[in-house]
Amino acid sequence: MDEEKTMEIDKKSFWYSEWSFPIMVGIMAAGVFAGTHMYFVYNVGAFNEVAIVAMLKAGMDGGSYGAAAAFGASFLFARILEGSLVGILDLGGSILTGVGIGIPAILLSIGWKAPITNFWLSITTGLVLGLIIGGIITLVRKYTINQSNATFGADVMMGAGNSSGRFLGPLIILSATSASIPIGIGSVIGAVIFYLWKKPIAGGAILGAMIFGAFFPVSLK
Amino acid sequence: MTILIILLKSILIGGLVGFAAGMGAARMFNAPTVQALGAFRTLGEMNACEGDPASHFSFGLGFFFNAWASTVGAGAFTQDVTHRVIPNWAASVLLLKDKRVEKTVHDPKKMAIAGAIIGIIVVSFLNTTASAIPKSLQVTAVKVLVPAADLLINIVMPIIFWLAAIDAGKRSGLWATIFGGLSAMIMGNAVPGVVLGILIGKGVDELGWTRITRVMMGAVIALFILSGFFRGFDIQMIESFKLQVPSFINNMHSVFNIK
C-alpha cells in the first residue's frame, strides 16, 4: 500500500475533490431510491437485504411503516455522523437502508406516494436527498475531522464490520437444515464444494439448498 | 411489455448506482484525505484480493449468486450488489488490462466507468431474470435466506459490534451497552446504538469532553428521543409499567398521526 502514496492526487479535479462528494452521493441515492420504486411497483429490485426490505414490505401489505421508518432513519443519522468522521460513508447504512428504506417508509406513512410510484420523480427525489446528505457530510468534515486527529474508533468498527460478514455462511446452512432434510443436505454439499474451491461458503450453501429444493419442494406455511 | 419497461429502468438505475459505487470504492483507497463512499468490509475484501483479477471476479461471483437467489426469492438485491459485486467486478475488468492497482482500482474515474457498465449488466440481469425462475426455487430461497438474514442482522451483528466495543475500552463498552440496549428496544436493532456508543466512547477517549463530542452526544440523545416518539415507544413504555398515559402525550401523538 506504500506505492499509492507516490501517486499524485489532484484534489482540485472532479474525481478527488471534496465538492464532488455530494454529487457522487446524489447519483447513488438516485439509483437506490429508484430501486425502491421498482420494488414498490414490480416487487423486484430493492437494493437491500431481505430482512430489511421485509420491514418495508410489512408496511406495503397494510401493516405499519413505523419499523422501517425508525430503523432506516436512525441508521442514516448514525452513518452520516460516522461517515464524516472516518472518511468513508457507509453505503449500506446511509444510502441503501436510510434513503432506500427509511425515507420511503416515512413518505408512505404520511400518505405521500408519488415520489415512490413515479419513476422520474423517484430519481429526482433520490438525487436531492443524496445531495443534501453529501452536503451535510462535507460541512461536518470541515468543522470536525479537519480540526482534530481523533479516529473515533474507526478501527474498532472496521474490524467488527469485517468479521460479521463471515457469519452468513454457517447461518444459511443452519437455517437450511431446519427447512427440510433434503434442503439441508443440499446446502451442506454446496458449502463443502465452495469451501474446497476456496469461495465464500454462503454462495454454495444457497445454491445447494435451491437445487435440492427444486427436486424436493417445501411449502411456505 | 412490462419486462421491457423493467429492462429500460434497470439500465438507468444500474448505470447510476454502478457509477457511484465504482467511484466511491476507488476513493476509499485515498480516505480519509478524500471523503469516500463504500464500506470497511469492501475496503478490506478488495485489499484481500491483492490486485488479482481472478480473485476479484470469483469473490464477486460468489456474492452474485447470493444476490441472485435473494432477488429471486424476495425481490431484494442484498447490499452485496453495491458492496461486493460491482466494485470487485469493475476492479477485475480493469486489472485484466493493467495489473498496477494504483493506475486502475485506485483511480475513481476508471472505476466509475467500469462500475457503470457492470452495474447496468448486473441490475438488468437480476431484475429481468427474477420473474423467470421456478416457484419452488423462490420458496426455498425465502425459507432458507430470510431466517438466516434475520439472525445475522438481529443477533450476530449486534453481538460482534458489542464485543468489539467492550474490548476497545471501558468507555466505549459502557456507552455501547447503554445505547445498544436502548436502540434494541426503541429501534428494533442494537447495531446503530452500539456504533454510536463506540463513536462517543472512542471520541471521548481521544479528545475528552470537547465541543465536538458534546455536540455528538446531544445529537445522539435527540436521535433516541425522536425515534422513540415516532415509534410510539413512550406510550408503550408507560403502559408496560401499568401507568396511565397522560393526555398531553396522546395529544402530541395525534398531531403527527403516523400509522
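**Where the chains meet**

Start by selecting A:Asp90, which stands opposite B:Gly38 in strand E1 of chain B. Before moving on, note that this is a predicted model, where local features need pLDDT of at least 70, side-chain atom pairs count only at pLDDT 80 or more, and totals for chains, interfaces and linings use all residues. Residues are numbered from 1 along each chain as its sequence is written, while chains are lettered from A and ligands numbered from 1 in the order in which they are written.

Now widen the selection to residues 88–90 of chain A and 36–38 of chain B: these two E1 strands pair in the parallel sense over 3 bridges. (Strands are DSSP runs of E, at least two residues, and helices runs of H or I, at least four, numbered from the N terminus; pairing takes at least two DSSP bridges.)

Next, show the whole interface: 98 residues of chain A touch 96 of chain B, with contact meaning C-beta atoms, placed from the backbone, within 7 Å. Chain A's side of it divides into 63 nonpolar, 27 polar and 8 charged residues. Here Ala, Val, Leu, Ile, Met, Phe, Trp, Tyr, Cys and Pro are nonpolar, Asp, Glu, Lys and Arg charged, and the others, Gly among them, polar.

**Over to chain B**

Colour chain B by pLDDT, the predictor's per-residue confidence from 0 to 100. The chain's mean is 84, and 94% of its residues reach 70 or more. Helix H2 (40–48) is lowest, at a mean of 75, and H5 is highest, at 93.

Last stop: the model's overall scores, ipTM 0.73 and pTM 0.72.

Note on methods. Contact = placed C-beta atoms within 7 Å.
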